[in-house]
Amino acid sequence: MKTSGRDLARKVRSIGESREFEARSGELPTWCPGCGYFGIHHGMNDCIRRLGIPLHKVVTVSGIGCAGRYPFFTKTYGLHTVHGRAVPVATGVKLGNPELTVYAVGGDGDGLAIGGGHLPHVCRRDVDINYVLFDNSIYGLTKGQPSPSSPMGMKSKASPRGTSDKPINATLLALSYGASFVARLFAGDKKMIADVLLEGTKHKGFALFHIYSPCVTFDKSYKTWENLKKWVHPLPETHDPTNLRQAFDQVLEDDWSVGVIYRRPQRE
Amino acid sequence: MARVDLTIEVCGMAGDGTIAAGGLLNEAMSAGGFSVLGFDSYPAEIRGFGRCVTRSRIGTERIFALEDKTNVLISLDDVQSRSRVPYLARDAAVFFDSNPPVYVEEEMSLAARVEPETTLFGFPMADLAAAAAGTTRGRNLTALGGFAATFGVPRDLFVEVITKKFKAKGNKVLDANIKSFDAGYAYGLEHFRDRLRDTLKPLPGIKKGPEKVMLSGNLAIGRGAIDAGLKLYFGYPITPATPIMEYLAAKLPERGGRVVQMEDEISSIGAVLGGFYAGARSMTATSGPGFALMTELITHGVMAEIPAVILNAQRGGPSTGLPTKTEQSDLHAAVFGGPGDSPRIVIAPSDVEECYRYTVLSFQLAEKYQTPVIVLTDFYLDNRVENLPIPQATEREIADANEYPDESVQGAYKRYLMTDSGISPRSIPGMEGFTFSATGLEHVEKGTPNYTEENHMNMTEKRHRKIAGALEDLPAPVEYSRGGPLDVGVIGWGSTFGAILEAVNIANERGLNVGALKITSIFPFHGGVIRAFMNRCSEVLIPELNYEGQLANLIDHLHRKDVVRLSRATGSPIPPSLILKEIETLVPAGAS
């Protein structure tokens with residue numbers, strides 16, 4: 001069905017009135033058409049709107065990579081840092097002014113390879129920041145090299161015979177390091193992203209949102225939209241996110257269940 | 001009273017209480033009104049049975065540097081002290097334990113090794129301490145007692161500082177320590193009083209000036225940071241910067257600040273940038289190896305125009321190098337380290353008072369010029385103690401130096417606005433109507449990434465213009481000379497400058513015509529002032545504690561001929577006598 005110009009104008013106006021994209025800046029995202037990151041962007045905007053705090057009291061800190069560009073696409077204060085360092089910089093921002101709501105965003109290369117050394121410490125320090133890890137298992141901005149979460153055997157220009165390294169699981173790492181809020185999400189479920197981000201942002205302490213997303217340009221075989229839609233499913237209804245042992249069991253047994261994996265009961 | 005200038009050493013094995021004795025000696029002499037400069041040397045290994053030496057220079061005039069010859073040696077261990085014999089002045093006085101806890105063969109003893117001109121003051125320190133206090137633990141104080149009585153230092157001066165040090169440990173400990181001191185003091189009064197050579201002046205204390213405080217460079221930096229309103233300190237343990245973190249960990253929380261020990265130096269500088277971005281004065285302190293890790297994020301501060309204060313307490317390098325030795329070899333790294341055209345501010349204090357003053361200044365510089373400011377010290381400056389009038393920054397020196405955007409641009413704010421000064425008003429998260437994204441990518445005025453030729457050229461020029469403009473707020477070079485043409489001009493920076501000044505003063509007393517120029521602003525630097533000084537000098541000498549002559553490399557081109565480099569990479573402070581010798585070889589024969 002073709003959309004007429006008048007319909008499009010009406011749609012744009014209705015979106016504007018809905019305040020759905022309130023947190024979006026005028027900058028057009030630089031991501032490829034069809035990228036999973038649009039869904040994450042949507043979910044984050046929705047979360048920030050529903051949080052009800054003014055945009056100038058939110059700071060989005062990022063590293064380098066496709067996800068690193070995120071701050072330019074929001075109207076919050078933004079800080080686009082260097083490769084792998086979003087988390088420590090975000091720590092400084094939060095301690096610098098605890099009244100700010102602080103998001104760190106970045107990809108799997110940024111957060112699990114070059115910046116992987118910071119994850120244990122932000123978890124044990126339990127600073128009240130929210131880390132949104134965009135995990136598409138590939139280095140997109142450098143054109144398709146394998147990342148720490150790529151499956152063994154993944155072929156690319158940098159690994160023509162297939163990678164020989166085992167992938168790491170960010171959700172399992174965060175649980176092991178003692179993170180106080182751990183969620184796993186899917187870029188294709190914007191509603192769940194917004195809901196869980198909202199819950200995790202309100203959580204006092206460090207929150208990790210590990211989001212599976214496809215790279216439509218460089219990954220044609222592993223985390224494709226088709227595969228992810230087939231593999232990803234909600235956590236079982238019986239899952240108790242306050243039970244750490246159950247959280248470990250769940251993550252060890254099932255790579256593709258999404259929702260709030262673990263939430264440490266809050267001290268009042 | 002007569003001019004006094006004595007270098008006193010306490011030497012013992014780790015565990016003898018050597019460093020404690022040296023500290024008490026410094027405090028007592030400071031309380032007696034003398035100028036004091038002290039420097040300890042100890043092994044990198046905590047329990048390596050290594051040698052501990054404290055060296056203190058005590059004088060009636062201001063002390064600028066350590067002397068290389070020792071006038072008084074107080075030995076707590078013969079074996080360790082024997083190695084100090086070559087450093088003794090010809091007429092030195094040596095105090096030693098005549099019945100030490102560890103037996104020493106007579107021919108191996110310290111007494112058998114010294115020159116015949118040395119005056120020996122042997123007495124049974126351990127026995128006296130045990131008899132007086134029931135334990136030999138206070139033997140180091142018994143040694144001080146013997147020294148004090150011999151040199152006519154009033155007992156009260158020592159009792160006062162011993163009380164200050166030990167009163168928190170309870171009356172029993174305090175009493176034992178005072179008794180140990182008194183045992184040595186009484187022995188000295190009875191046996192040593194009249195044996196002091198004429199060349200060694202007594203130290204009865206002089207008229208007191210303003211109240212003084214004994215500070216190391218590191219403590220002065222910590223105090224300066226707190227007085228400047230430091231809110232956040234992020235750091236990672238590294239010699240010789242760690243005492244700053246430990247001092248702040250004890251003091252900052254009561255001022256509403258926080259100290260966070262991070263997982264490495266990269267996260268430390270990252271969090272400092274984050275803290276300053278959010279409007280909180282933040283700093284980190286490190287040494288060469290940690291500084292190398294920070295360089296990428298320092299250039300991020302340059303590009304994104306975020307303030308930061310980074311203290312680099314230099315030590316011997318490269319790599320792990322000489323962790324407990326001193327060197328001035330990170331100048332190149334501080335000025336040039338990191339990717340791209342990345343101008344930043346680098347300043348180098350040259351004494352303990354300047355450590356305080358320029359730490360305070362660094363926060364305003366960082367805010368006003370929205371840039372990382374690197375303060376360069378070194379092991380010798382960080383760990384030496386000096387007594388100085390209690391430093392106190394003024395309200396003006398600690399005031400907020402940020403330039404915030406005007407309300408009129410609310411909603412149309414350009415974070416990287418092109419201005420004549422290169423300084424663009426900076427908003428802080430929480431300010432309504434001024435949101436922006438800071439970025440390490442090249443960007444246009446609004447902050448969005450942009451890679452066009454003209455924009456990169458303009459923005460690069462803006463950042464350089466801004467830092468060049470900082471010169472007006474940076475400490476200018478200070479000249480010490482009679483003025484006019486000079487046979488030799490000695491230029492120096494950092495901890496070396498004290499030795500330079502002393503050498504130049506002696507040279508001028510000997511009738512030579514030489515001058516000294518102290519450079520504090522390493523980058524940007526006052527090229528015009530430095531050039532004008534150099535052009536008045538027949539020879540320019542630049543002594544530095546590095547092999548390459550790093551300051552000389554930076555300013556050599558300002559001179560019409562090559563500068564003479566006195567480059568020393570030994571890990572030890574440069575003694576004034578070495579500089580003096582070099583000056584004397586440079587002065588043309590017959591000149592005066």
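**View 1. P29(A) is partly exposed, with 16 other C-beta atoms within 10 Å.** On this scale, a residue is buried when 20 or more other C-beta atoms lie within 10 Å of its own, exposed when there are 12 or fewer, and partly exposed in between, with C-beta atoms placed from the backbone. This is a predicted model, in which local features need pLDDT of at least 70 and side-chain atom pairs count only at pLDDT 80 or more, while totals for chains, interfaces and linings use all residues. Residues are numbered from 1 along each chain as its sequence is written, and chains are lettered from A and ligands numbered from 1 in the order in which they are written. P29(A) sits in the loop between α1 (5-18) and α2 (37-51) of chain A; helices (H or I, at least four residues) and strands (E, at least two) are DSSP runs, numbered from the N terminus. Not counting residues up to four places away in sequence, P29(A) touches F38(A), H41(A) and F73(A), where contact means C-beta atoms, placed from the backbone, within 7 Å.

View 2. Overall, 31 residues of chain A are in contact with 34 residues of chain B.

**View 3. Strand β2(A) is joined to strand β15 (residues 437-439) of chain B.** The two run parallel, with 3 bridges between them; strands pair if DSSP finds at least two bridges.

**View 4. An open sheet of 5 strands in chain B has the order β16-β18-β17-β20-β21.** Its pairing is mixed, and the edge strands, each pairing on one side only, are β16 (478-480) and β21 (564-567). Neighbouring strands are turned by 20° against each other on average, direction ignored. Helix α18 (residues 527-535) of chain B packs on the sheet, with its direction at about 120° to that of β20(B). Helix α20 (residues 576-586) of chain B packs on the sheet too, and here the angle with β20(B) is about 160°. Axes are lines fitted to C-alpha atoms, for helices over the stretch in contact, and angles run from 0 to 180 degrees between N-to-C directions. Strand β20 (residues 537-544) runs parallel to β21(B), joined by 4 bridges, and P543(B) has L566(B) as its bridge partner.

**View 5. I522(B) is one of the residues with the most contacts inside the largest nonpolar core.** This core has 245 residues and is a set of buried Ala, Val, Leu, Ile, Met, Phe, Trp, Tyr and Cys residues joined through C-beta atoms within 7 Å. Helix α13 (residues 352-369) of chain B gives the most to it, with 10 residues. Leaving aside neighbours within four places in sequence, the contacts of I522(B) include L331(B), V346(B), L376(B) and W493(B).

How values were computed
Two residues are in contact if their C-beta atoms, placed from the backbone, lie within 7 Å.
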